[in-house]
Amino acid sequence: MQDTKSRPNDFSMLGFMGIVTAAKGTHVITTFRDLPNVPPGKPYLIMRHDVDHSLDLALELAQEEHKLGINASYLIIVGTAGYNLLAPKSKAAVREIAALGHEVGLHYDASNFQGDSEAQSTQFQHDMNVL
């Protein structure tokens, strides 16, 4: 990816990277993990990505962000129709995202349990073990 200029309403990788490049000029771009390291008073942007559909696209984005010297938080869903986290290719993608310096965390939706805290806790522990 060479040109990082974007057009309004450009939701392509190129458009996104143009926005990120512009933000990098005025803000500290950080992860949830690294937020405590942002100097007080500095404007910051927490870069996070909910990986709902494609680990392949998440890995491509992670590689592009890495080229720009940016780390992001990638929040992975354990039970999704978009990818199988237990498949070797998926495991390799998650490992590579982390190896690029990005934070990998669990994308979890407690509202699925409608107040059943025991089921929620059990599922959360399961998902953390898988991740």
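User: Let me start with E103. Which strand does E103 lie in?

Analyst: Helices and strands here are DSSP runs, numbered from the N terminus, with at least four residues (H or I) for a helix and at least two (E) for a strand. In this case, E103 belongs to strand β5, residues 103–106. Please keep in mind that this is a predicted model, in which local features need pLDDT of at least 70 and side-chain atom pairs count only at pLDDT 80 or more, while totals for chains, interfaces and linings use all residues. Residues are numbered from 1 along each chain as its sequence is written, and side-chain values use heavy atoms, with hydrogens and water left out.

User: Is E103 buried or exposed?

Analyst: The general idea is relative accessible area: under 20% is buried, over 50% is exposed, and partly exposed lies in between (1.4 Å probe, protein chains only). E103 has a relative accessible area of 18%, so it is buried.

User: Which residues does E103 touch?

Analyst: A contact means heavy atoms within 4.5 Å. Leaving aside residues up to four places away in sequence, E103 touches T31, F32, R33, A72, S73 and Y74. By contrast, E103 and G115 are 12 residues apart along the chain, and their C-alpha atoms are separated by 29 Å.

User: What pattern does the chain follow along the sequence?

Analyst: Reading along the sequence gives α-β-β-β-α-β-α-β-α, which holds 4 helices and 5 strands. Along the principal axes, the C-alpha atoms fill a box of roughly 45 × 35 × 30 Å. Buried residues account for 31% of the 131 residues. Of the contacts between residues at least 6 apart in sequence, 57% join residues at least 24 apart.

User: Where does R48 lie, and which residues does R48 touch?

Analyst: R48 is in strand β3, residues 48–51. Its contacts, not counting residues up to four places away in sequence, are F32, S73 and L75. With a relative accessible area of 39%, R48 is partly exposed.

User: How many salt bridges does the count come to?

Analyst: Side chains of opposite charge can pair when their charged atoms come close. The rule asks for a side-chain nitrogen of Lys or Arg within 4 Å of a carboxyl oxygen of Asp or Glu. By this rule there are 4 salt bridges. One of them joins the side chains of K89 and D56 at 3.4 Å, N to O. K89 lies in helix α3 (residues 88–99) and D56 in helix α2, so this pair ties together parts that are 33 residues apart in sequence. K89 is exposed at 59%, whereas D56 is partly exposed at 45%.

User: Where do E64 and K67 both lie?

Analyst: Both are in helix α2, 3 residues apart, about one turn of the helix. E64 counts as buried at 11% relative accessibility, while K67 counts as exposed at 59%. Another salt bridge joins D34 and R33, whose closest N and O atoms are 3.3 Å apart. D34 is partly exposed at 23%, and R33 is partly exposed at 40%.

User: Which residues make the nonpolar surface patch?

Analyst: A nonpolar patch takes residues with over 30% relative accessible area and no salt bridge, joining side chains of Val, Leu, Ile, Met, Phe, Trp or Tyr within 5 Å (like charges are joined within 9 Å). Here F124, M128 and L131 make a patch of about 230 Å², with accessible areas coming from the Shrake-Rupley method and a 1.4 Å probe, where for residues only the protein chains shown count as cover. F124 is found in helix α4, residues 117–130, and is partly exposed at 33% relative accessibility.
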